[in-house]
There are 2 protein chains.
Amino acid sequence: MPDEESQCVKTEESLEIEKRGIMAEYFIGIDVGATNVKIGCFDGELKIVSKTSIITGAEMGPDIVIDNIAKAVKTLVTEAGLSMQDVCAVGLGAPGPAKYSEGLILSSTNMPKFKNVPIVRMLTDRLGKPVVFDNDANVACWGEFVAGAGKEVEDMVFFTLGTGIGGAIVNHGRLLTGCGDNATELGHIIIYPDGRRCNCGQRGCVEAYASANWTAQRATEAIEAGAESSLKKILQENGRITCKDVYEHLAEGDELAKKITDETAKALALVCINVLHTTEPSRIVFAGGMIAAGNILLDRIKHYFGEQIWTIKQETVEICFATLGEDAGIIGAAALAKHTTKQGGFD
Amino acid sequence: MPDEESQCVKTEESLEIEKRGIMAEYFIGIDVGATNVKIGCFDGELKIVSKTSIITGAEMGPDIVIDNIAKAVKTLVTEAGLSMQDVCAVGLGAPGPAKYSEGLILSSTNMPKFKNVPIVRMLTDRLGKPVVFDNDANVACWGEFVAGAGKEVEDMVFFTLGTGIGGAIVNHGRLLTGCGDNATELGHIIIYPDGRRCNCGQRGCVEAYASANWTAQRATEAIEAGAESSLKKILQENGRITCKDVYEHLAEGDELAKKITDETAKALALVCINVLHTTEPSRIVFAGGMIAAGNILLDRIKHYFGEQIWTIKQETVEICFATLGEDAGIIGAAALAKHTTKQGGFD
């Protein structure tokens, strides 16, 4: 775990703050989603001071969106009784494809006006603070690692089960990166070759079975193919089934919901085995809306993990759910800002 | 890539050597196999000075085996016109299960008398030199990384295709390890759930399809099930088919050999995709006896990789064969000894 002391470089500004007895030791965490942008202000111990959420409004284009984010940050800071002088650095999480190391959003499926947007420079210009930028899954993983389900371990693997499946890996206390900006795309590990066609173009990705969307899709297909289920009425009434519907009907004992959940759990167990044999984490953490299904899902993942894992060695990896909920992104982003500051990464 | 300058701590002994104008800057690499132990002596630039191979004789038990290794090292050094004073450190590779960090071989399928053997201490006692110990696949990978197929890159994934499939990962110039001593067991990534039963107890491991043994086994099963092939005669005459047989008949155009090779190549392509989405290497290197099959195999792996990989992003990872052959282990072990010395890992 990184040492968590901040080491801000002392500028004239910060020296003045120090004279007033206040260190610039607050950190901002920003979690950009297609619908909402969540923003949090954290103290030097990464305790939350205040948080807010604004509508992304991606259709207005990057200039206005980033203006709005900067304004919301300033308002949040002021309303917390602080000034921007008290802020040391900003952490930012957003979905790819992006060149995180260059601070650039390349494109975005859900934000079509965001093409080659130098979001780090644009935010730095508006806030006058250094900004560290990373993948949304990495940022949420880092949040769980420093303050949530992974805080006692040094090696964890993290999955977010949402529309798609995002992934991140902490190896010996560091977020694992590769030769580019696209390591740990764990949702696209192939578990069923020649299986379902994923949105990425591959067949048989774990995402194409076990994400919230695909879990709902499999239930829909089963009913359309004639399966009996209490979900049938939902499909007829609403025209669609959501993952939440599946878990609600699972809790009520619906057999199809049980079968669909079992398939999801088995797919997730398989990907757990594969990441275990790759980076050997001591903990595997699932996050995202789908974990609302609760222990029924977790127990089935563990069941299939136990059933499928090798027998030549007893594995002690712990499979669990995330604990920070929707705040993981802002906590992780702020923690990354603090960590980068400490490491001298902004110099 | 690690800086390759040695930084031996100067003892009275080494100061004396220095007076004579000779630095203790040679490194020994030892690659322990069930049948043979390969030993190499390398200069400070990791150029090979001399090498040898002895019969392991594992049935004689660890004491005698380790005595014999120590004797062979001393003979090798002497015959190279050096003395043990010229040797800075020793690197050792051996198959697991082992506690590498504790210098302990736990057990060995092919060396049944090796149970809880403190091989590092035993070798250190006999040679009077620090010994660094790692998994045989890690050591061979490190050899290819510093001096072979991976020497221009910082991020590579390595597979050895032998009896089983071993794996190792270099991430940002470091061998990837996990929370214990069992990371990068890449042969046990599951690619076909509910598929063939692997020796490890899992079903559908890549090893159970694409190792040399299993490739031969699949050919045997196909013939026994009635497939027509020029390999049939080999099976009748020899009572068995080897992987080498498969590739020889492939080169002669046998249709079954082509089908078997295609299945091997597809399995390897799938595992390439999965490791790409995990640690994002810029190069994936295959080693081991099976690469003697040559470009026919490599081309088919690349073909299936191209066919199965996602389309949302162009991948530039290079898939290639190892270049050091059987010397990878001793080169890698010596390189690891040098690297550990430089990092102060023996202090």
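Predicted model: local features only at pLDDT ≥ 70, side-chain atom pairs only at ≥ 80, totals over all residues.

Colleague: Let's start with the core, then: which residues have the most contacts inside the largest nonpolar core?

Modeller: Those are A:Phe159, A:Phe286, B:Phe159 and B:Phe286, in a core that has 182 residues. As background, nonpolar side chains tend to be buried together in soluble globular proteins.

Colleague: And what does B:Phe286 touch?

Modeller: Leaving aside residues up to four places away in sequence, B:Phe286 touches a list of residues that includes B:Phe159, B:Leu161, B:Leu268, B:Ile291 and B:Phe321.

Colleague: Changing topic, how far apart are the end C-alpha atoms of helix H9 of chain B?

Modeller: They are 36 Å apart, which agrees with the 36 Å that its 25 residues, 255-279, should span at 1.5 Å a residue.

Colleague: How many of the residues of H9(B) are buried?

Modeller: The count is 21 of the 25, so the helix is largely enclosed by the rest of the structure.

Colleague: What happens at the start of H9(B), and what just after it?

Modeller: At the start, a side-chain oxygen of B:Asp254 reaches to within 3.4 Å of the backbone nitrogen of B:Leu256, and just after the helix B:Glu280 takes a positive phi of about 50 degrees.

Colleague: Over in chain A, is A:Lys266 buried or exposed?

Modeller: A:Lys266, which lies in helix H9 of chain A, has 14% relative accessibility and therefore counts as buried, the cut-off being under 20%.

Colleague: So what does A:Lys266 touch?

Modeller: Not counting residues up to four places away in sequence, A:Lys266 touches A:Tyr192, A:Tyr304, A:Gln308 and B:Asp194. With B:Asp194 there is a polar contact between the two side chains, at 2.5 Å.

Colleague: Now the strands: which way does each residue of S9(A) point?

Modeller: A:Ile165, A:Gly167, A:Ile169 and A:Asn171 point one way, while A:Gly166, A:Ala168 and A:Val170 point the other way, and all are buried. Since seven of the seven residues are buried, the strand is largely enclosed by the rest of the structure.

Colleague: How does S9(A) pair with S8(A)?

Modeller: The two pair in the antiparallel sense over six bridges, with A:Ile169 as the bridge partner of A:Val157, and they form a hairpin with three residues between them.

Colleague: And how many residues lie between S9(A) and S10(A)?

Modeller: Two residues lie between those strands, which also form a hairpin, and A:His172 in the turn has a positive phi of about 50 degrees. Two bridges join the strands, which run antiparallel, and A:Arg174 is the bridge partner of A:Asn171.

Key:
Residues numbered from 1 in each chain as written. Chains lettered and ligands numbered in written order. Heavy atoms only, no water. Core = buried A, V, L, I, M, F, W, Y, C linked by side-chain atoms within 4.5 Å. Buried < 20%, exposed > 50% of the residue type's maximum accessible area, 1.4 Å probe, protein only. Contact = heavy atoms within 4.5 Å. Helix = DSSP H or I, 4+ residues; strand = E, 2+ residues; numbered from the N terminus. Expected span 1.5 Å × (residues − 1). Polar contact = N/O pair within 3.5 Å; in protein donor to acceptor, adjacent residues only side chain to side chain. Pairing = 2+ DSSP bridges.
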